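Subject: Structure handover

Hello,

Here is the structure I said I would pass on. My notes on its aromatic residues and one of its helices follow below.

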Amino acid sequence: MDDDAVVDWTSYWMKTAPLPPRPALEGRAEADVAVIGSGIAGLSTAWELARTGRSVIVLEARRTASGVTGHTTGKLTALHSAVYRKLCDTHGQDAAAQYAQSHSAALAHVRETADALGLDCGLEDRPAFTYCEEEGGVADLRAEAEAAQAAGLDASFVTETGLPFPVAGAVKASGQAQFHPLEYLRGLAADLTAHGGRIFEHSRVTGLGRGEPHHVTTASGATVTAGTVVVAAHHPLFDHALLAARLTQHRDLVVAGELPEEADPAGMYITAEGGTRSVRTAPIASGGRLLIVSGEAFTPGADEDVAERYRRLAAWAQDRFPGVVIRHRWAAQDNASTDTLPLIGALPAAGERVYVATGFGGWGMTGGVLSGRLLASVIDGSPEPWAGLYDPGRIGPVVREAAAFLKAQWDVGRHALQDRVRTLGDGTRGPVGALPPGEGTVIRSGGRPYAVHRDDGGRLHAVSAVCTHMGCLVGFNNAERTWECPCHGSRFAADGTVLQGPALEDLEPKDPESLG
């Protein structure tokens with residue numbers, strides 16, 4: 001990769017369209033609806049509801065749209081890799097058609113909203129491609145093209161694309177789009193507040209008192225009283241029905257650099273080959289294009305050298321797009337349901353009028369907009385036609401996906417067992433004394449596991465290695481300098497501060513000098 005000193009670790013979207021700061025919630029507040037999370041799902045839901053005349057409060061743990069949405073690739077498409085053949089096989093043709101219709105409707109809704117609000121959000125029409133370079137993948141993509149077409153997409157199988165290298169075949173879907181997600185949400189948030197909506201930042205929700213009305217509590221002790229609560233915080237908080245057991249976590253890396261206008265591949269591309277590679281470009285002020293490449297998906301906390309993954313991804317981008325100089329890198333985390341479909345609707349076992357939106361499988365831009373429209377329709381008493389498809393309480397499809405569900409549970413159990421074996425063994429994943437600057441490891445001291453990190457200045461920092469969600473041991477991400485849980489994807493800063501749920505509490509700090 002290019003010199004790290006000149007690579008910006010801030011996502012391009014957050015760098016070029018920072019949203020205005022909002023105050024933290026203090027004391028007590030009341031609203032018809034409390035929305036937890038300010039990504040595209042949360043803000044879309046809040047915006048839809050505010051425009052019906054309801055009072056809405058949005059609670060964000062950090063900064064508005066700074067989570068998954070702020071680190072996306074910004075694709076707006078209903079062609080989700082190779083999903084349609086799988087949907088037909090596991091859920092049936094009608095379900096595949098509803099999936100295509102609902103995501104296509106979300107894309108159309110973004111176009112309509114951007115036009116109605118006059119948003120300059122870099123919205124560009126682009127075809128989407130799912131491609132393969134190996135001949136062995138052609139038959140599957142031909143079948144996927146047929147399934148996507150049968151589901152209602154303007155899809156076809158092609159052998160020519162705008163990529164600067166040959167492909168063996170690809171599914172092409174016309175009429176798709178891409179945008180600057182934070183420019184879009186900046187406009188949406190402004191219109192939300194114009195309709196009386198309130199957004200509070202640095203207001204991490206830690207409690208939900210169910211009742212009539214509900215009481216939502218933040219880490220500072222502030223409270224929102226609301227008749228309806230929407231959990232749109234990436235992961236289903238207050239998960240009494242254990243939806244987490246139906247979700248798998250993965251983290252994707254992103255690198256980006258400038259290309260001349262004439263090198264633009266004029267499309268959005270994805271392949272499952274080589275650890276997944278996703279490609280798009282975006283317009284930039286210089287008049288060229290920003291090449292955005294993502295891939296190298298891995299389970300958070302389960303990879304010991306994320307920095308090497310970044311190097312591989314950058315090398316691939318520079319090999320396939322000669323001359324590109326990597327200037328940005330970031331990462332995004334997604335979860336997917338074991339039966340492929342997102343979970344959008346009433347949150348099981350959480351009480352009346354508590355809803356959730358999660359499990360977008362890496363396709364959260366249309367998924368988030370879809371969630372906003374669907375949840376608003378359910379709350380308003382006039383559900384969208386596909387409400388049943390995404391119902392979190394569905395049972396039948398989960399049974400048909402039993403193998404994926406059991407694998408997810410096996411992976412969680414395996415991590416938990418390995419953690420205990422390591423902890424009860426010699427206690428180390430690496431000697432602290434030999435720990436180089438920028439690295440981290442888990443050790444045992446006094447029978448307890450601790451996560452130890454040495455910063456660039458050589459100073460040691462230690463926190464409990466036990467994730468505050470369900471007790472799995474965290475692992476160190478040496479590229480982003482974070483502690484991550486391989487069981488359900490919680491992420492913590494090097495000092496133990498929660499960065500991403502489902503964990504609600506920080507890792508307990510420990511004096512590194514006291515570790516034996």
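A charge counts as sitting over a ring if NZ of Lys or CZ of Arg is within 6 Å of the ring centre and within 35 degrees of the ring normal. Please keep in mind that this is a predicted model.

Charges over rings: Arg320 lies over the face of Phe165, 4.6 Å from the ring centre. Arg329 is placed over the face of Tyr310, at 5.0 Å from the ring centre. Phe165 also belongs to a cluster, in which ring pairs link it with Tyr131 and Trp316.

Aromatic pairs: there are eight in the structure. Tyr12 and Trp13 have ring centres 5.5 Å apart and planes at 70 degrees; planes over 60 degrees apart count as edge-to-face, so this pair is edge-to-face. Tyr12 is buried, with a relative accessible area of 11%, and Trp13 is buried as well, at 1%.

Helix α5: this helix covers residues 138-150, 13 residues in total. From its first C-alpha to its last it reaches 18 Å, close to the 18 Å expected at 1.5 Å a residue. Which residues of α5 are buried? They are Val138, Leu141, Glu144, Ala145, Ala147 and Ala148. What do the buried residues of α5 pack against? Their partners are helix α3 (84-90) and the strands β4 (124-132), β5 (155-158) and β6 (169-178). After α5 comes Gly152, which has a positive phi, near 115 degrees.

Regards

Key:
Residues are numbered from 1 along each chain as its sequence is written. This is a predicted model: local features need pLDDT of at least 70, side-chain atom pairs count only at pLDDT 80 or more; totals for chains, interfaces and linings use all residues. Side-chain values use heavy atoms; hydrogens and water are left out. Rings of Phe, Tyr and Trp (its six-membered ring) pair if their centres lie within 6.5 Å; planes under 30 degrees apart count as stacked, over 60 as edge-to-face and the rest as tilted. Buried means under 20% relative accessible area, exposed over 50%, partly exposed in between (1.4 Å probe, protein chains only). Helices (H or I, at least four residues) and strands (E, at least two) are DSSP runs, numbered from the N terminus. The expected span of a helix is 1.5 Å times one less than its number of residues. Contact means heavy atoms within 4.5 Å.
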